[in-house]
Amino acid sequence: MAEKHRVRFEPVGIEIDVAEDQTILRAAAEQGVMLMHGCKEGQCAACKSFLLDGDDVEHDRYSTFALPDYEKEEGFTLLCRAHAYEDLTIELLNYDEEMIQSGLPIQEATVEVVANDPVTHDLRHLVVRLDGDLKFFPGQYLDFAVPGTEETRSFSMANTSARDGLLEFVIKIYPDGLFSRFLAAEVAVGDRLRVTGPFGVFTLRDNPNADLVFVGGGAGMAPILSLLRSMAERGLDRTATFYYGARRRRDLCFEAELRELEAKLPGFRYVPALSEPGDDDWTGETGFVTDVLRRAGADLTGADAYVCGPPPMVEAALELLPALGVDGKRVFYDKFTTTGEG
């Protein structure tokens with residue numbers, strides 16, 4: 001049995017016990033404490049925090065872009081990769097008081113593949129059936145175990161609950177991707193896969209008077225679609241715009257449903273944008289999705305923004321949105337890293 005140490009988080013005053021063979025982030029999740037995080041692979045820096053007291057911490061492999069050596073020497077840490085070997089006090093640099101103690105139980109489950117269908121040339125719509133029950137918030141994700149390896153890959157649910165026993169995912173196929181190759185070439189209806197979760201803090205905050213701006217690309221469709229479906233189910237009457245970026249018309253998906261959501265949600269507008277329309281018969285917006293958002297010229301003061309997709313798009317949106325009036329603390333994002341896919 002691994003030795004445990006007491007970890008206290010400031011300024012929220014929450015304490016947890018962390019075993020040496022667990023990361024601090026995983027231990028917090030298992031105890032219902034939802035700390036800010038993204039990739040869980042030491043790539044995105046969403047969980048970066050600061051050691052106030054204690055320094056006996058070891059890190060699993062991480063990117064020095066997320067935690068440069070000089071920051072580590074100063075006392076910064078990545079909670080998703082950090083193991084505590086003594087009692088610690090940690091300052092959370094990025095936290096959400098509304099969410100931090102609303103964590104759901106982390107569960108391990110087996111699922112059966114119901115469908116594995118292409119929705120574009122490089123996106124798959126994976127539908128699985130749970131053996132039991134699993135609670136999650138719209139916008140969260142699960143870890144899938146990659147058979148025959150010790151690796152996992154994370155994918156966001158596109159549906160709003162598992163009430164019917166089904167979970168939906170939109171997954172991008174990378175030519176050399178570890179899970180991608182498996183999904184594209186081997187996964188068939190009836191196969192069984194192991195999943196763990198839920199994880200993630202890309203959830204709709206309770207701020208009924210704020211307009212909503214969604215910015216997505218690629219498989220970032222999944223969690224945003226989950227949030228929009230949730231709004232429709234709950235009858236939320238909020239002004240919302242979803243800017244979705246793709247290269248060509250063939251890269252767009254769930255178009256019919258999104259147009260139906262425009263009818264169901266009076267304040268909702270869907271704005272797809274093509275960066276390389278080529279010879280497509282396209283009369284919609286063109287350019288990178290962030291350029292389209294900038295050209296829209298909207299005053300986004302007081303709005304909440306949700307951004308999900310490939311890292312370059314997310315980085316561009318994180319820079320742009322505050323310039324358009326969004327409070328930086330009201331920009332919520334998931335950056336879909338591809339570390340280890342090769």
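Modeller: When I say buried I mean under 20% relative accessible area, exposed is over 50%, and partly exposed is in between, using a 1.4 Å probe and protein chains only. One caution: this is a predicted model, where local features need pLDDT of at least 70, side-chain atom pairs count only at pLDDT 80 or more, and totals for chains, interfaces and linings use all residues. Residues are numbered from 1 along each chain as its sequence is written, and side-chain values use heavy atoms, with hydrogens and water left out.

Biologist: Okay, how many salt bridges are there in the whole structure?

Modeller: The search turns up 20. A pair counts if a side-chain nitrogen of Lys or Arg is within 4 Å of a carboxyl oxygen of Asp or Glu.

Biologist: What's the N to O distance between D96 and R205?

Modeller: That salt bridge comes out at 2.7 Å. Helices (H or I, at least four residues) and strands (E, at least two) are DSSP runs, numbered from the N terminus.

Biologist: Are those two buried or exposed?

Modeller: D96 counts as buried because its relative accessibility is 13%. R205 is buried as well, at 1%.

Biologist: And which residue does K172 pair with?

Modeller: K172 meets D122 in a salt bridge, 2.6 Å from N to O. K172 is in strand β12 (residues 166–172) and D122 in the loop between β8 and β9 (123–130), 50 residues apart. At 27%, K172 is partly exposed, whereas D122 is buried at 15%.

Biologist: Where do E285 and R295 sit?

Modeller: Those two form a salt bridge with the closest N and O atoms 3.3 Å apart. E285 is in strand β17 (residues 285–286) and R295 in helix α6 (residues 289–296), so the bridge ties together parts 10 residues apart in sequence. There's also a network, where salt bridges with shared partners join R6, R8, E10, E15 and D17.

Biologist: Switching topic: which peptide bonds are cis?

Modeller: E10 to P11 is cis, with omega about 5°, and P11 is in the loop between β1 (4–10) and β2 (14–19). G197 to P198 is cis too, with omega near 10°, and P198 lies in strand β13.

Biologist: What about phi of F254?

Modeller: Phi of F254 is positive, near 60°, and the residue isn't a glycine. F254 is in the loop between β15 and α5 and is buried at 16%. C253 is in that loop, between β15 (240–246) and α5 (255–264), and is buried at 3%.

Biologist: What does UniProt say about residues 106–205?

Modeller: The unreviewed entry places "domain: FAD-binding FR-type" there. UniProt annotations may be inferred rather than shown by experiment. In the model, that span is 8% helix and 45% strand, with its end C-alpha atoms 21 Å apart.

Biologist: Last one: where is E58, and how accessible is E58?

Modeller: E58 lies in strand β4 (residues 57–59) and is partly exposed at 47% relative accessibility.
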